[in-house]
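Biologist: I would like to learn how to read the features of a structure. Could you take me through one?

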Amino acid sequence: MTEHANDVREKRRAFMAKKSKKMPEFQPGRGYTKEDWDAVDSPEMTDEELAKARPFREAFPDLAASIDRELAKSGKS
C-alpha cells in the first residue's frame with residue numbers, strides 16, 4: 001500500500017468514527033424499509049480505490065465554485 005493510500009484510509013476511518021455509528025441491525029422508523037436495509041452492500045474501499053481518491057474541490061472544481069458562490073450570496077460562507 002502506498003503512503004498516500006494509507007494516509008487517506010486512516011483519515012477516512014477517523015472521519016467515519018466521528019461522523020457515524022454503524023448500526024449492526026435494522027431499526028424501524030428511520031425512513032427506509034427492512035428490504036432496503038438488506039439490499040445495501042457497502043464494502044470497505046480497496047487500497048487501489050483509496051489511492052485514486054481526490055478531494056471534492058479537485059474532482060469537481062466547477063461544482064465547488066458554484067457552491068461557494070451560493071453560500072456567499074446567502075451569507076453562510
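Biologist: Is Tyr32 buried, partly exposed or exposed?

Modeller: This is a predicted model. Buried means under 20% relative accessible area and exposed means over 50%. Tyr32 has a relative accessible area of 28%, so Tyr32 is partly exposed.

Biologist: Which aromatic pair does Tyr32 form with Phe26, and how do I describe the geometry?

Modeller: A pair of aromatic rings is described by the distance of the centres and the angle of the planes. The structure holds 4 aromatic pairs. In one of them, Phe26 and Tyr32 sit 6.1 Å centre to centre, with 65 degrees between the planes. Planes over 60 degrees apart count as edge-to-face, and the pair of Phe26 and Tyr32 is edge-to-face. Phe26 is partly exposed, because its relative accessibility is 21%.

Biologist: How are Phe56 and Phe60 paired?

Modeller: The pair of Phe56 and Phe60 is tilted. The ring centres of Phe56 and Phe60 are 5.5 Å apart, and the planes make 40 degrees. Phe56 has 42% relative accessibility and counts as partly exposed. Phe60 is also partly exposed, at 46%.

Biologist: Which residues do ring pairs link into a cluster?

Modeller: Phe26, Tyr32 and Trp37.

Biologist: Which residues make the nonpolar surface patch?

Modeller: Phe56, Phe60, Leu63, Ile67 and Leu71 make the patch, which covers about 430 Å². Helix α5 gives the largest share, 3 residues. Phe60 is in the loop between α4 (56–59) and α5.

Biologist: How do I check the length of helix α5?

Modeller: Compare the expected span with the distance between the end C-alpha atoms. Helix α5 has 14 residues, 61–74, and should span 20 Å at 1.5 Å a residue. The end C-alpha atoms of α5 are 20 Å apart, so the two agree. After α5 comes Gly75, with a positive phi near 80 degrees.

Biologist: How many salt bridges are there?

Modeller: Side chains of opposite charge can pair when their charged atoms come close. Here the count is 4 salt bridges.

Biologist: Where do Lys52 and Glu48 lie?

Modeller: Both lie in helix α3 (residues 47–52), 4 residues apart, about one turn of the helix. An α-helix has 3.6 residues a turn, so residues three or four places apart point the same way. The side chains of Lys52 and Glu48 form a salt bridge at 3.3 Å, N to O. Lys52 is exposed at 58% relative accessibility, and Glu48 is exposed at 54%.

Biologist: Which helices hold Asp68 and Arg57?

Modeller: Asp68 is in helix α5 and Arg57 in helix α4, so this pair ties together parts 11 residues apart in sequence. Their salt bridge is 2.8 Å, N to O. Asp68 is partly exposed, with 31% relative accessibility.

Biologist: How far apart are the closest N and O atoms of Lys73 and Glu70?

Modeller: They are 3.1 Å apart, in a salt bridge. Lys73 and Glu70 are 3 residues apart in helix α5, about one helical turn. Lys73 is exposed at 66%, whereas Glu70 is partly exposed at 47%.

Biologist: What pattern does the protein follow along the sequence?

Modeller: The pattern is α-α-α-α-α. The protein has 5 helices and 0 strands. Of its 77 residues, 5% count as buried. The accessible surface is about 7,000 Å², with 54% belonging to carbon and sulfur atoms. Among contacts between residues at least 6 apart in sequence, 50% join residues at least 24 apart.

Key
Residues are numbered from 1 along each chain as its sequence is written. This is a predicted model: local features need pLDDT of at least 70, side-chain atom pairs count only at pLDDT 80 or more; totals for chains, interfaces and linings use all residues. Side-chain values use heavy atoms; hydrogens and water are left out. Helices (H or I, at least four residues) and strands (E, at least two) are DSSP runs, numbered from the N terminus. Buried means under 20% relative accessible area, exposed over 50%, partly exposed in between (1.4 Å probe, protein chains only). Contact means heavy atoms within 4.5 Å. Accessible areas come from the Shrake-Rupley method with a 1.4 Å probe; for residues, only the protein chains shown count as cover. The expected span of a helix is 1.5 Å times one less than its number of residues. Patches are made of residues with over 30% relative accessible area and no salt bridge: like charges are joined within 9 Å, nonpolar side chains (Val, Leu, Ile, Met, Phe, Trp, Tyr) within 5 Å. Rings of Phe, Tyr and Trp (its six-membered ring) pair if their centres lie within 6.5 Å; planes under 30 degrees apart count as stacked, over 60 as edge-to-face and the rest as tilted.
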